[in-house]
Amino acid sequence: MVKIGKRTRAAREAFVGKHDVSVEEAVALVKAGATAKFDETIEIALNLGVDPRHADQMVRGVVGLPNGTGKTVRVAVFARGAKAEEAESAGADIVGAEDLMEIVQGGKIEFDRCIATPDMMPIVGRLGKVLGPRNLMPNPKVGTVTMDVKQAVEDAKGGQVQFKAEKAGVVHAGVGKASFGEAQLVENVRAFISAVAKAKPAGAKGSYMKRICLTSTMGPSVSINVADELS
């Protein structure tokens with residue numbers, strides 16, 4: 001049997017009987033339970049009443065968190081000429097065309113967000129099997145296929161979060177760090193929930209947002225009252 005440490009036990013005990021609480025209470029509990037020796041990520045997971053296998057039930061979008069994510073985001077941009085220079089000036093970590101494609105094909109993926117100008121998509125398209133499963137494939141719907149690479153890079157670096165429903169209809173993302181203030185986390189959580197609510201697809205039937213949970217990297221999770229957040 002795995003022995004549970006004192007801090008972990010104390011954190012779990014604090015969560016006993018806590019279900020469907022307000023965002024404010026959830027944030028307070030999760031912050032208090034984030035006792036690891038590193039700055040834990042605060043993570044949100046939403047169980048949705050959708051089947052992403054059907055095109056009209058896919059949930060996908062992007063949201064700019066008001067207080068950022070607290071994470072350093074490495075950005076790769078597929079572009080040539082002036083647009084490549086624009087991306088570099090905006091702070092992109094990796095910029096290229098065929099050379100970048102070869103690097104990715106070789107299995108070296110040292111970035112968290114991938115942006116491309118429209119003319120680069122024939123090249124990027126060859127990387128679908130590599131980038132797709134990692135949710136890194138550029139997509140015009142979330143602003144990562146664009147001629148305005150400067151804005152796209154700045155958004156990615158500034159705390160913009162992409163979300164996409166997985167096979168089981170779950171959407172999850174990091175919405176900050178344990179070191180954030182409670183008010184900052186509450187704002188970020190509500191911004192994320194609102195964005196997912198607005199992304200409700202036409203094919204969604206019945207209850208759309210079924211369950212919302214908040215947790216930290218190493219801590220217990222707590223459920224948030226869905227009705228309160230959608231009212």
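Two strands pair if DSSP finds at least two bridges between them. Helices (H or I, at least four residues) and strands (E, at least two) are DSSP runs, numbered from the N terminus. In β5, the residue bridged to Ala-76 is Cys-114. The model is predicted: local features need pLDDT of at least 70, side-chain atom pairs count only at pLDDT 80 or more, and totals for chains, interfaces and linings use all residues. Residues are numbered from 1 along each chain as its sequence is written, and side-chain values use heavy atoms, with hydrogens and water left out.

**Parallel sheet**

- Strands of a sheet pair through backbone hydrogen bonds, either parallel or antiparallel.
- An open sheet of 3 strands runs in the order β4-β3-β5, and its pairing is parallel.
- β4 (94-96) and β5 (113-116) are the edge strands, each with a single partner, so one side of each has no neighbour in the sheet.
- From one strand to the next the twist averages 15°; axes are lines fitted to C-alpha atoms, for helices over the stretch in contact, and angles run from 0 to 180 degrees between N-to-C directions.
- Strand β3 (residues 75-78) is joined to β5 by 4 bridges, and the two run parallel.

**Antiparallel pairs around β1**

- Strand β1 (residues 41-48) pairs with β7 in the antiparallel sense over 6 bridges.
- Within β7, His-172 is the bridge partner of Ala-45, and Lys-177 is the bridge partner of Thr-41.
- β1 is also joined to β8 by 7 bridges, again antiparallel, with Ile-42 opposite Ser-216 in β8.
- The covered face of β1 consists of Ile-42, Ile-44, Leu-46 and Leu-48, while Thr-41, Glu-43, Ala-45 and Asn-47 form the uncovered one.
- Of the 8 residues of β7, 6 are buried, so β7 is largely enclosed by the rest of the structure; buried means under 20% relative accessible area, exposed over 50%, and partly exposed in between (1.4 Å probe, protein chains only).
- Strand β8 (residues 209-216) runs antiparallel to strand β9 (residues 221-224), and 4 bridges join them.

**Largest pocket**

- The largest pocket holds about 710 Å³ of space.
- Its lining has 24 residues, and those closest to the pocket centre are Lys-71, Asp-112, Asn-135, Val-161 and Gln-162.
- On a 1 Å grid over the protein atoms alone, a pocket is an open set of points where a 1.4 Å probe fits, with protein on both sides within 12 Å along at least five of seven lines, whereas in a cavity the probe cannot get out; lining residues have an atom within 4 Å of a point.
- Grid points are joined across faces, edges and corners, and a volume is the space filled by probe spheres set on the points.
- β6 (160-164) and β7 (170-177) each supply at least two residues of the lining.
- By residue class, the lining divides into 8 nonpolar, 9 polar and 7 charged.
- Ala, Val, Leu, Ile, Met, Phe, Trp, Tyr, Cys and Pro count as nonpolar, Asp, Glu, Lys and Arg as charged, and the others, Gly among them, as polar.

**Loop between α6 and α7**

- Asn-135 sits in the loop between α6 and α7 and is partly exposed, with a relative accessible area of 30%.
- Although Asn-135 is not a glycine, its phi is positive, about 60°.
- Most residues other than glycine have a negative phi.
- Thr-144 is in the loop between α6 (128-131) and α7 (149-157), where Thr-144 is buried at a relative accessible area of 2%.
- The Thr-144 side chain reaches the backbone nitrogen of Asn-139 at 2.7 Å.

**Other loop residues**

- Phe-180 lies in the loop between β7 and α8 (182-198) and is buried, its relative accessible area being 11%.
- The C-alpha atoms of Phe-180 and Thr-69 are separated by 9.4 Å, with the two residues 111 apart along the chain.
- His-19 is in the loop between α1 (6-15) and α2 (23-33) and is exposed, with a relative accessible area of 58%.
- From His-19 to Gly-68 the C-alpha to C-alpha distance is 27 Å, for 49 residues of separation in sequence.

Terms used: Polar contact = N/O pair within 3.5 Å; in protein donor to acceptor, adjacent residues only side chain to side chain.
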